[in-house]
Amino acid sequence: MFISVYAVLLYFFVTDRYHSYQELFLIFVQVLILTILIPISIFYFLMSLGRANSVMLSEISQRKVPLFLNAILLYLLITQSIRVEIIPELYYFFFGALASTILVFLLIFVNLKASIHMVGISALTVFVIGFSLHTQTNQIYLVAIFLLLTGIVASSRLVMKAHDNKELIAGFLAGVLPQISLLCFWL
């Protein structure tokens with residue numbers, strides 16, 4: 001859930017492009033509202049209606065509404081807030097996140113519960129690698145940390161018995177493939 005905020009913070013801390021504090025604050029607040037606060041509110045609303053039984057959404061059928069609404073919120077973010085002409089790097093990251101959300105949503109219909117944790121961390125890892133290439137800076141330690149975090153997230157999901165290997169691989173691919181396919185537009 002916080003991956004989007006991490007991507008925005010990472011972008012603003014690592015980039016050498018000038019952005020005013022007002023612009024930084026405005027984008028951060030918009031991302032915070034559309035990717036964290038509204039989804040949390042929707043989740044608690046679904047819990048009150050009995051459409052979600054826990055934070056983990058262990059049943060595949062419970063994932064449909066949150067993923068669909070998340071796709072709508074990401075669409076609003078990239079069309080109304082983070083547009084390609086303003087910050088292309090973040091635009092393509094969130095466009096990739098939208099594509100990943102749609103992929104995970106479609107996997108529900110083939111009865112596959114892809115790991116959303118893996119989607120998020122793998123997408124952020126590709127973003128860090130792409131951003132390092134884009135800025136032509138040596139971010140090898142940051143890349144190594146995110147590769148390590150990807151392994152830690154995968155291991156934790158297995159240990160918690162939240163997912164099996166197939167679901168982790170599906171989540172990993174759903175996070176990585178859209179980001180890699182969009183790299184050519186902003187590198």
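This is a predicted model: local features need pLDDT of at least 70, side-chain atom pairs count only at pLDDT 80 or more; totals for chains, interfaces and linings use all residues.
Is Q136 buried or exposed? Select Q136 and find out.

**Stop 1: Q136**

Q136 counts as exposed, because its relative accessibility is 73% and the cut-off for exposed is over 50%. Look at where Q136 sits: the loop between α5 and α6. It comes just after α5. Now check the backbone. Phi of Q136 is near 50 degrees, a positive value in a residue other than glycine.

**Stop 2: N111**

Move to the other end of α5. Select N111, in the loop between α4 and α5. N111 is not a glycine, yet its phi is positive, about 65 degrees. N111 is exposed, with a relative accessible area of 60%.

**Stop 3: α5**

Select 116–135, which is α5. This helix has 20 residues. From first C-alpha to last, α5 reaches 28 Å, close to the 28 Å expected at 1.5 Å a residue. Now show the rest of the structure around it. Of the 20 residues of α5, 15 are buried, so this helix is largely enclosed by the rest of the structure.

**Stop 4: the cavity**

How many cavities of 30 Å³ or more does the structure hold? The structure holds one. The volume of the largest cavity is about 30 Å³. To display its lining, select L10, V14, V128, F131, S132, Q139 and L142. Which helix gives the most to this lining? That is α5, with three residues. Both α1 and α5 supply at least two residues each. Color the lining by class: five residues are nonpolar, two are polar and none is charged.

**Stop 5: α1**

**Stop 6: the aromatic cluster**

A search of the whole structure finds 13 aromatic pairs. One of them joins F68 and F105, a tilted pair with 6.2 Å from centre to centre and 45 degrees between the planes. The pair links distant parts of the chain, with F68 in helix α3 and F105 in helix α4, 37 residues apart. F68 counts as partly exposed, at 45% relative accessibility.

Now select Y11, F12, F93, F94, F127, F131 and W186 together. Ring pairs link these residues into a cluster. F131 also lines the largest cavity.

**Stop 7: Q179**

Q179 lies in helix α7, residues 165–186. Is Q179 buried or exposed? Q179 counts as buried, at 2% relative accessibility. Show its contacts, leaving aside neighbours within four places in sequence: Y92, F93, G96, A97, A123 and V126. For orientation, draw a line back to the first stop. The C-alpha atoms of Q179 and Q136 are 18 Å apart, and the two residues are 43 apart in sequence.

**Stop 8: the largest pocket**

The largest pocket has a volume of about 1,200 Å³. Its lining takes in 35 residues. Which of them lie nearest the centre? Select M1, F2, N70, I116 and H117. By class, the lining has 25 nonpolar, eight polar and two charged residues.

**Stop 9: N70**

Finish on N70, one of the residues nearest the centre of the largest pocket. N70 lies in helix α3. Its relative accessible area is 23%, so N70 is partly exposed.

Terms used
Residues are numbered from 1 along each chain as its sequence is written. Side-chain values use heavy atoms; hydrogens and water are left out. On a 1 Å grid over the protein atoms alone, a cavity is a set of points where a 1.4 Å probe fits but cannot get out, and a pocket is an open set with protein on both sides within 12 Å along at least five of seven lines; lining residues have an atom within 4 Å of a point. Grid points are joined across faces, edges and corners, and a volume is the space filled by probe spheres set on the points. Helices (H or I, at least four residues) and strands (E, at least two) are DSSP runs, numbered from the N terminus. Ala, Val, Leu, Ile, Met, Phe, Trp, Tyr, Cys and Pro count as nonpolar, Asp, Glu, Lys and Arg as charged, and the others, Gly among them, as polar. The expected span of a helix is 1.5 Å times one less than its number of residues. Buried means under 20% relative accessible area, exposed over 50%, partly exposed in between (1.4 Å probe, protein chains only). Rings of Phe, Tyr and Trp (its six-membered ring) pair if their centres lie within 6.5 Å; planes under 30 degrees apart count as stacked, over 60 as edge-to-face and the rest as tilted. Contact means heavy atoms within 4.5 Å.
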